[in-house]
Amino acid sequence: MRAFRLLQTFLGLAPLATANIVTFSPSTTHPNLTYSVTVPDTTTQQNAGPIYLQIRAPRSLQWVALGQGTGMAGANIFVVYAGASATNLTLSPRLGRGHIEPQYTDLANATLLPSSSISDDTIEANILCTNCLASWATPSSTTYSPSSSSAPFIWAYHTGDPLPSASQQETITIHTEMGSTTLDLTKAQFSPPDNASPQDAEFNPFNPTSASTSTTTQSAAENTLPSPTKTRAILIVHGTLMGLAFLLFFPLFALPIPLGLKYNIPALHAPLQLFTLCLIVVGLGTGVYLATTVSTLKHAHPIIGMILVGVLVLFQPVAGYLQHRHWRREGAKSVFGYVHRWVGRGAIILGMVNGGLGFALAGRGMGGIGSRNVPVAGVVVYCVVAGVVFAVYVVGVVWGKTKVFHRGEGLKVMEMGGGGGKGEAEGGHREKI
């Protein structure tokens with residue numbers, strides 16, 4: 001390398017940089033979509049300094065993004081789009097916050113190089129970033145090695161008409177396709193020319209006229225992030241299971257008891273509620289999978305959901321069984337019955353409310369209520385059903401209490417039970433819980 005530069009100087013030639021570039025093309029739908037990275041050797045030696053990134057994409061894409069990180073949460077993301085002008089590109093550095101729209105940040109020291117261009121069929125964004133070796137939000141806790149053999153990157157794009165403005169804070173629609181990969185940055189090192197600074201915005205290592213380039217094309221890793229179609233399908237399954245459980249099955253399967261109807265607890269109430277518990281366990285699984293893959297596990301909705309399902313699965317069956325066993329021995333309600341009743345009622349109400357939080361979470365960064373993931377009709381139906389079922393349950397409980405009061409202490413709200421225990425009474429074996 002040094003001998004080559006001496007020869008250039010002796011012959012009076014302008015010194016060239018020898019740039020090693022790592023490039024990957026992750027989309028089979030758009031094979032002309034490519035991402036490239038190269039790192040000055042001074043940055044590698046000092047573990048500090050600039051890196052260069054390039055995004056080449058078809059004009060048919062509304063926006064294109066490349067990010068540093070294993071997932072959207074906490075990632076440094078470069079979003080590029082052609083705005084109101086047909087000749088200028090907009091670079092919008094953004095912080096990833098999970099599976100919601102990333103927000104513009106002024107913490108990034110990123111520049112769109114003058115060599116960037118836009119034509120009738122292609123956009124090319126050449127980017128210089130001088131603080132991309134750490135997370136922009138928390139530089140002390142997340143670092144990216146400039147010589148890593150498996151540096152994590154994410155990518156995404158959305159097809160559609162050009163955005164209506166060149167604002168760096170322009171709202172972007174959820175991605176059409178996204179994924180993740182790792183790049184071998186040991187193959188992406190270059191030596192800048194002696195008379196050029198790596199931080200010079202006029203220098204472009206991707207430009208063949210200023211650099212002797214050596215490009216390594218690396219196949220993208222398997223897409224580890226769910227597509228919008230898959231995400232929406234999981235969302236529908238999760239919402240349907242949890243909605244059926246908390247809006248209909250839990251309250252309606254419990255309502256015959258306060259109404260004083262003949263309702264066999266071992267043969268009807270317990271199996272029906274256990275069936276509903278199975279539904280919410282499956283619903284929890286889909287919810288946790290979704291929240292984990294799209295980085296929303298720390299939001300209120302999944303946290304409340306996990307606690308709620310844990311209480312219902314681990315506590316309610318035990319309390320109900322202990323009450324049933326006590327009734328068979330003593331013919332009276334125990335503390336387990338009171339706890340089982342009120343924990344169940346509280347869980348139903350909290351589950352209904354948490355469903356509303358779920359709608360809000362699903363709509364974040366996707367257009368809110370009225371978007372494809374959160375249709376207005378779905379929210380209206382949910383609220384109406386929740387309100388009707390809640391009112392029916394409250395009226396049923398109050399009516400059942402009034403009925404018991406007027407019948408006197410001799411008439412109890414019981415359920416058909418097994419034979420032979422102390423809980424038997426005239427007219428059948430009913431159990432109060």
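Let me start with the sheet: six strands form an open sheet in the order 7-6-5-4-11-12, and the pairing is antiparallel. At its edges are strand 7, residues 103-104, and strand 12, residues 177-183, each of which pairs on one side only. Please keep in mind that this is a predicted model.

Inside that sheet, take strand 5, residues 76-82, and strand 6, residues 89-95. These two run antiparallel and are joined by seven bridges. As one example, isoleucine 77 has arginine 94 in strand 6 as its bridge partner.

Next, salt bridges. How many does a search of the whole structure find? The search finds one. In that salt bridge the side chains of glutamate 124 and arginine 56 meet, at 2.4 Å from N to O. Glutamate 124 belongs to strand 10, residues 122-129, and arginine 56 to strand 3, residues 51-58, so the pair ties together parts that are 68 residues apart in sequence. Glutamate 124 is buried, because its relative accessible area is 15%. Arginine 56, at 31%, is partly exposed.

Last, the surface. There is a nonpolar patch with about 700 Å² of accessible area together, made of Leu297, Ile303, Met306, Ile307, Val311, Phe315, Val335, Phe336 and Val339. Two elements give two or more residues to the patch: helix 6, residues 300-314, and helix 8, residues 335-363. Helix 6 provides the largest share, four residues.

Isoleucine 307 is a residue of helix 6. Is isoleucine 307 buried or exposed? Its relative accessibility is 55%, so isoleucine 307 counts as exposed, the cut-off for that being over 50%.

Definitions and conventions
Residues are numbered from 1 along each chain as its sequence is written. This is a predicted model: local features need pLDDT of at least 70, side-chain atom pairs count only at pLDDT 80 or more; totals for chains, interfaces and linings use all residues. Side-chain values use heavy atoms; hydrogens and water are left out. Patches are made of residues with over 30% relative accessible area and no salt bridge: like charges are joined within 9 Å, nonpolar side chains (Val, Leu, Ile, Met, Phe, Trp, Tyr) within 5 Å. Accessible areas come from the Shrake-Rupley method with a 1.4 Å probe; for residues, only the protein chains shown count as cover. A salt bridge is a side-chain nitrogen of Lys or Arg within 4 Å of a carboxyl oxygen of Asp or Glu. Buried means under 20% relative accessible area, exposed over 50%, partly exposed in between (1.4 Å probe, protein chains only). Two strands pair if DSSP finds at least two bridges between them.
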